[in-house]
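I opened a new page for this model and set down what I looked up, entry by entry.

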Amino acid sequence: MAKAVDRKKQNRLLLIIVAVISVVTLATAAVLFALNYVDSGVYPESSATPKNVILLIGDGMGENHIEAGNIYRSNKLNMERFGVIGEVMTRSLTPGATDSAAAATAMATGVKTYNGRISYKDGKNLETIAEMAKEAGKKVGIVVTKPVTDATPAAFVSHAKDRGDTAEIARQIVDFGLDVLFGLTDEAMDALKGEIPSDTRDLCTSFNEIAGSSKESVYGLLDDGAIQTVGSNTLNSLTGTALKKLSANNENGFLLIVEGSKIDSASHDNDMESMLAELTAFDAAVSTCRNWAQENGETVVMVTADHETGGLKIPKFEDTDSGTAKQNAREALTDYATSNGWFTKTGHTSANVKYFIYATGSELAQPAAPAEGEEPKTEYLEINYSVKMDIPEEIDNTDIFRLLSQWLLH
Ligand SMILES: [Zn+2]
């Protein structure tokens with residue numbers, strides 16, 4: 001009898017211990033998952049073997065920013081018309097939301113790091129896709145709407161423990177030897193302008209100078225305010241020039257990185273009107289890249305964001321007597337006193353962002369066997385193929401590096 005009671009007690013104790021261990025393990029796993037990146041071990045695959053790759057990054061452009069753009073345009077944005085669409089997880093190794101430095105590092109190197117780091121982790125520089133592309137004989141170009149030493153462009157072509165070390169970043173940008181560099185200048189870049197080799201590169205300080213440049217390699221280091229959201233001095237026009245310069249007499253192909261840098265700052269300011277202006281200017285550059293890729297036939301275009309900024313929430317709209325849901329939504333969106341309030345934060349969030357991929361290709365196919373009595377055909381036919389994209393709907397930002405390297409370094 002006493003033994004049976006003992007066993008019962010033992011069993012209960014065992015159960016309690018098992019329960020406690022389970023709860024602690026589950027809670028730890030949940031906390032780790034919430035705070036940190038856990039590598040799923042599942043990576044995307046793409047059989048595309050393009051010559052050129054264009055990566056467009058909307059800084060701070062969350063899913064609802066894109067939805068706001070759709071409402072504003074009363075139509076889908078250009079990026080929303082791409083063939084392959086999914087979501088990207090953006091967390092860095094720093095708990096909370098990522099910053100642009102860690103997010104760009106993940107995209108450029110495939111490695112998660114801490115906020116503030118520029119392709120750098122634990123005392124080591126991380127090799128970037130731009131460095132690998134250059135090593136493989138590809139041209140590399142960067143087009144941004146903020147200073148070229150900012151975190152997003154910096155992470156592709158430089159390494160720093162601190163994103164604020166713009167003197168060091170500028171030094172490395174100049175040493176990298178980009179083929180095309182368009183963006184704003186700053187003190188750090190101004191100090192090094194004299195060191196950009198003028199025999200091979202045209203250094204321009206205005207849109208006019210850029211338009212007049214005949215060199216294949218051109219740098220446009222512009223003053224704040226020079227890049228506008230409408231008219232002829234836009235991100236879109238710089239992107240068009242970059243495509244022309246990078247593709248001229250280039251057998252090996254290129255990597256072009258384009259950033260709509262100010263979608264982020266407008267969202268930090270909870271300024272819907274500026275956000276929409278920056279977003280639609282960015283989407284115009286997306287359209288230019290897509291059309292160029294379609295014509296070129298050997299180019300993959302990927303559009304994504306580094307993180308969401310502003311915790312943007314869009315209310316649901318219904319049909320009313322005064323208008324359809326679509327009309328009502330647009331009216332509320334363009335009443336900025338109202339829609340500025342749709343931003344729920346002034347900082348970054350860890351919401352997933354979206355990715356969009358556009359790819360075309362063509363290859364030489366063997367001609368069909370000749371019919372009886374027919375001369376064999378000697379000409380190979382060029383056929384278009386639709387690129388196989390075995391990419392999960394939800395990827396991690398480090399997977400963007402994996403895709404870029406599969407595409408560029410095949
Ligand atoms: Zn930001």
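**Entry 1: the chain overall.** I took helices as DSSP runs of H or I with at least four residues and strands as runs of E with at least two, numbered from the N terminus. On that basis I read 14 helices and 18 strands in the chain. I note that this is a predicted model. The chain has 410 residues, of which 49% count as buried. I then looked at the contacts with a separation of 6 or more, and 73% of them join residues 24 or more positions apart.

**Entry 2: the zinc ion.** Which atoms coordinate the zinc ion? I found two OD entries for Asp-264, together with NE2 of His-268 and NE2 of His-348, at 2.0 to 2.4 Å. The spacing of the donor residues in sequence is D-x3-H-x79-H. Distant parts of the chain are linked here, since His-268 belongs to helix 10 (residues 262-268) and His-348 to strand 13 (residues 348-349), 80 residues apart. I checked the geometry next: the angles among the four donor atoms run from 57 to 153°, and the site is irregular. The label follows because four donors count as tetrahedral only if all angles lie between 85 and 135 degrees. For reference I wrote down that the ideal angle for four tetrahedral donors is 109.5 degrees. His-268 is partly exposed at a relative accessible area of 28%, and His-348 is partly exposed at 22%.

Entry 3: Helix 2 covers residues 63-73, and I listed its buried residues as His-65, Ile-66, Ala-68, Gly-69, Asn-70 and Ile-71. These pack against several elements, among them helix 10, helix 11 (272-296) and strand 14 (353-359). Helix 12 (325-333) and strand 12 (308-309) are also packing partners of the buried residues of helix 2. Ser-74 follows helix 2 and sits in the loop between helix 2 and strand 3 (84-89). I flagged Ser-74 for a positive phi of about 50°, although it is not a glycine. Ser-74 is partly exposed, with a relative accessible area of 36%.

Entry 4: Ser-119 is not a glycine either, and its phi is positive at about 40°. I placed Ser-119 in the loop between helix 3 (100-109) and strand 4 (120-121). Is Ser-119 buried or exposed? It has 0% relative accessibility, so it counts as buried.

**Entry 5: Asn-328.** I located Asn-328 in helix 12. Its relative accessibility is 14%, so Asn-328 counts as buried, the cut-off being under 20%. What does the side chain of Asn-328 reach? I found the backbone oxygen of Glu-318 at 3.0 Å. Neighbours within four places in sequence aside, the contacts of Asn-328 are Phe-317, Glu-318, Asp-319, Thr-320, Ser-322 and Gly-323.

**Entry 6: Glu-187.** Glu-187 is in helix 7, which spans residues 187-190. I recorded Glu-187 as exposed, at a relative accessible area of 74%.

Methods
Residues numbered from 1 in each chain as written. Predicted model: local features only at pLDDT ≥ 70, side-chain atom pairs only at ≥ 80, totals over all residues. Heavy atoms only, no water. Buried < 20%, exposed > 50% of the residue type's maximum accessible area, 1.4 Å probe, protein only. Contact = heavy atoms within 4.5 Å. Donors = N, O, S within 2.8 Å, 3.2 Å for Na, K, Ca; no water. Tetrahedral: all angles 85-135°; square planar, octahedral: opposite > 155°, others 65-115°. Polar contact = N/O pair within 3.5 Å; in protein donor to acceptor, adjacent residues only side chain to side chain.
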